[in-house]
2 protein chains.
Amino acid sequence: MGPAVVSPELTPAQRVAWLRLLRTDNVGPVTFRNLLARFGSAEVAISALPGLLKRTGKTPHIPTITEAEDEIAGLARYGARLVASCERDYPALLLHIDGPPPLVSMAGGANLDWSRTVGIVGARNASSAGIKMTRILATDLGQRGYVVVSGLARGIDSAAHQASLGTGTIAVLAGGFDQIYPSENIPLAHAILDNGGALLTEMPLGWEPRARDFPRRNRLVSGLSLGIVVVEAAKRSGSLITARLALEQNRDVFAVPGSPLDPRAEGGNALIQQGAKLVTCADDILDTLGSADPSRHALFDRAWEPDLVPEPPPSDDDKSRLLTALSATPIDVDELIRQSGLSASAMQMLLLELDLAGRVEWSSGQLVALKY
Amino acid sequence: MGPAVVSPELTPAQRVAWLRLLRTDNVGPVTFRNLLARFGSAEVAISALPGLLKRTGKTPHIPTITEAEDEIAGLARYGARLVASCERDYPALLLHIDGPPPLVSMAGGANLDWSRTVGIVGARNASSAGIKMTRILATDLGQRGYVVVSGLARGIDSAAHQASLGTGTIAVLAGGFDQIYPSENIPLAHAILDNGGALLTEMPLGWEPRARDFPRRNRLVSGLSLGIVVVEAAKRSGSLITARLALEQNRDVFAVPGSPLDPRAEGGNALIQQGAKLVTCADDILDTLGSADPSRHALFDRAWEPDLVPEPPPSDDDKSRLLTALSATPIDVDELIRQSGLSASAMQMLLLELDLAGRVEWSSGQLVALKY
């Protein structure tokens with residue numbers, strides 16, 4: 001392990017600037033990171049935005065200082081605070097996913113070991129055997145010093161949190177802190193905090209979760225975990241999305257098997273056929289996590305360090321060359337640079353403009369496509 | 001594939017001699033093969049036995065010609081006949097196990113495709129879900145042209161035979177043809193024959209199966225199959241023995257998963273953790289069998305061809321050297337030859353004597369140990 005990295009804490013003004021930049025229309029994690037790299041700080045990026053936006057012909061909303069301060073104050077009423085990806089309290093495991101959220105809203109969890117985490121996910125309409133299996137696994141993992149991460153959904157998620165209340169659990173929300181879903185789990189969310197667990201979300205206060213926010217939430221469930229256990233999952237379920245995301249994030253994937261006659265076992269059995277580890281007890285999980293590749297330690301490096309490269313703006317000619325090169329097919333930025341003949345910094349600047357104008361779409365952090 | 005091998009058919013006198021030699025006390029498959037290699041034919045081996053036995057100080061029973069003829073006649077009354085390992089009707093897959101039985105008693109099965117076979121084994125006290133899963137797999141395998149092999153036991157075995165009656169099934173008995181076990185399955189045995197299926201055993205007519213005969217039978221169930229499917233199996237069950245034997249015989253091992261809360265799923269889940277393929281439907285089996293290593297074709301070579309090497313008998317000095325080298329720990333014959341300095345043929349001859357005298361014990365066909 002290298003020497004400990006001193007993480008800067010944001011000043012209140014910096015935190016407000018980060019939040020304003022992040023909450024600007026069309027600024028997702030990738031664009032945020034590009035803007036920070038381009039302008040050196042969130043404050044400078046915000047003051048540069050009107051000029052950039054003039055070139056795009058669109059006028060996205062940039063939240064005011066007051067709006068940002070209101071969200072921070074609103075979070076405080078829920079016992080939550082904003083943590084930036086450069087700060088010490090930001091979960092190190094999250095830094096190693098594609099497009100880590102620049103800011104997360106967090107409550108509780110101060111004494112949890114965020115580096116010994118296992119995600120447990122599964123069906124909302126779980127069977128009682130599935131619930132029992134979840135309880136056994138979550139209880140045993142907790143007693144062995146692991147924190148259980150899940151998504152606060154009905155069924156398996158709820159059972160996982162419930163069984164690990166006493167040993168530590170983290171619930172990732174698909175909406176804002178004031179929009180716990182399903183509402184029947186508001187008491188469970190309170191119980192998690194009362195027992196020293198944590199709630200975490202990347203969504204703004206007031207955000208009511210929509211269908212597409214759940215897969216987005218799932219990437220944080222797996223991103224916060226060394227490995228993901230799928231207990232009961234039908235084919236084409238959210239739990240399988242979480243498992244796929246976990247694989248992409250270089251995390252272990254475990255699945256509890258079941259009878260092929262039970263539709264809720266289809267997802268888990270299919271995962272095992274594809275290489276997930278079959279789990280019958282906590283030891284099956286701990287054996288793998290314990291013997292994991294030493295390269296796993298890299299997951300705890302605080303590697304997020306944007307480059308700061310001031311640069312003159314690219315020409316209109318550059319822009320039309322880039323638009324010709326782009327299509328509906330996602331393409332790697334490096335490939336785009338080679339094909340278009342643009343410099344890396346000009347490419348970054350132009351993609352930023354297109355991104356702010358809502359004309360491109362990112363996937364996996366490095367693949368970009370035109371939006372139609 | 002090489003040219004077809006012309007397999008000799010035994011004359012009636014040769015068949016009687018093979019049977020007499022095989023039914024002599026302490027003559028198992030390995031000793032039988034060694035005797036045939038040493039003396040060139042069963043007839044010559046039988047006439048040499050008294051001389052060999054004099055050296056051992058023991059007097060094992062050699063069945064008379066009449067006794068052998070009586071067994072053959074008795075088998076005929078059950079519609080069964082003796083097939084020798086050198087004959088065309090002998091199942092080719094069986095030749096590739098350690099110590100293939102020199103003779104098997106068989107009835108029926110003349111029109112089965114003995115080269116497209118899948119074994120299905122599992123718990124006697126099967127759950128109804130296990131029975132249903134077995135029926136689905138056996139039916140689908142049958143419809144895809146595969147013959148289902150099993151052990152005629154209660155539970156999974158019976159369900160496998162039953163579901164494949166119309167498409168072809170082979171039952172391997174742990175006892176003689178007149179000692180079907182369990183007796184409640186005598187009607188099922190008749191139904192198998194009536195529908196063109198086969199019954200097969202290596203045990204003598206009249207042999208009532210004992211506990212240790214079941215693992216021995218299991219090696220024929222796997223030996224007759226390209227792959228073995230374990231449907232429900234507790235830990236330390238006969239089905240797991242069959243799976244281990246199948247692996248040793250270079251056959252595929254498949255297992256149906258189940259909830260870790262169900263003790264009958266423990267064996268199957270453990271097999272999957274150890275590398276068996278998780279099965280949810282017949283396609284999972286056929287995909288693997290269909291894409292099997294081309295070296296599998298070697299399983300159909302009729303390779304059983306004993307060498308014929310007449311040799312002077314070894315000295316008493318040689319014998320004491322061998323006894324010093326042997327212990328309770330099974331050791332490879334090649335290793336014994338290297339350590340003792342004996343020639344391969346002298347070693348074979350001495351081990352034969354010790355074997356006939358009941359003083360050594362073979363495992364895996366090539367490992368030998370002193371019996372205590």
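**Briefing: strands, a covered helix and an interface**

Strand E7 (residues 227-230) of chain A pairs with strand E8(A) in the parallel sense, over four bridges. The model is predicted. Chain A also has an open sheet of three strands. Chain A and chain B touch, with 17 residues of chain A in contact with 17 residues of chain B.

- One pair to look for is Val230(A) with its bridge partner Ala255(A), which lies in E8(A).
- Strand E8 of chain A covers residues 252-255, and both of its faces are covered.
- On one side of E8(A), Asp252(A) and Phe254(A) are buried.

**The open sheet of chain A**

- Three strands of chain A make up this sheet, in the order E10-E12-E11, and the pairing is antiparallel.
- Strand E10 (331-332) and strand E11 (360-363) of chain A stand at the edges.
- Each of these two has a single partner strand, so one side of each is left without a neighbour in the sheet.
- E10(A) and strand E12 (residues 367-370) of chain A run antiparallel and are joined by two bridges.
- Asp332(A) has Leu367(A), in E12(A), as its bridge partner.

**Helix H1 of chain B**

- Helix H1 of chain B spans residues 12-22 and is mostly covered.
- Eight of its eleven residues are buried.
- Among the buried residues of H1(B) are Trp18(B), Leu19(B), Leu21(B) and Leu22(B).
- Two arginines, Arg15(B) and Arg20(B), are buried in H1(B) as well.

**The interface of chains A and B**

- The two chains bury about 1,300 Å² between them.
- Of that area, 77% is on carbon and sulfur atoms.
- Pro260(A), Leu261(A) and Gln273(A) supply 41% of the area that chain A buries against chain B, more than any other three residues.
- The count of salt bridges between chain A and chain B is zero.
- Four residue pairs are in polar contact across the interface, both residues at pLDDT 80 or more.
- On the side of chain A that touches chain B, the elements giving two or more residues are helix H5 (128-143) and helix H10 (266-273) of chain A.
- H5(A) gives the most to this side, with four residues.
- By class, this side of chain A has ten nonpolar, five polar and two charged residues.

Methods. Residues are numbered from 1 along each chain as its sequence is written. Chains are lettered from A and ligands numbered from 1 in the order in which they are written. This is a predicted model: local features need pLDDT of at least 70, side-chain atom pairs count only at pLDDT 80 or more; totals for chains, interfaces and linings use all residues. Side-chain values use heavy atoms; hydrogens and water are left out. Buried means under 20% relative accessible area, exposed over 50%, partly exposed in between (1.4 Å probe, protein chains only). Contact means heavy atoms within 4.5 Å. Buried area is the accessible area (1.4 Å probe) that two parts lose on being put together, summed over both. A salt bridge is a side-chain nitrogen of Lys or Arg within 4 Å of a carboxyl oxygen of Asp or Glu. A polar contact is a pair of N or O atoms within 3.5 Å; within protein, one must be able to donate a hydrogen and the other to accept it, and residues adjacent in sequence count only if both atoms are side-chain atoms. Ala, Val, Leu, Ile, Met, Phe, Trp, Tyr, Cys and Pro count as nonpolar, Asp, Glu, Lys and Arg as charged, and the others, Gly among them, as polar. Two strands pair if DSSP finds at least two bridges between them.
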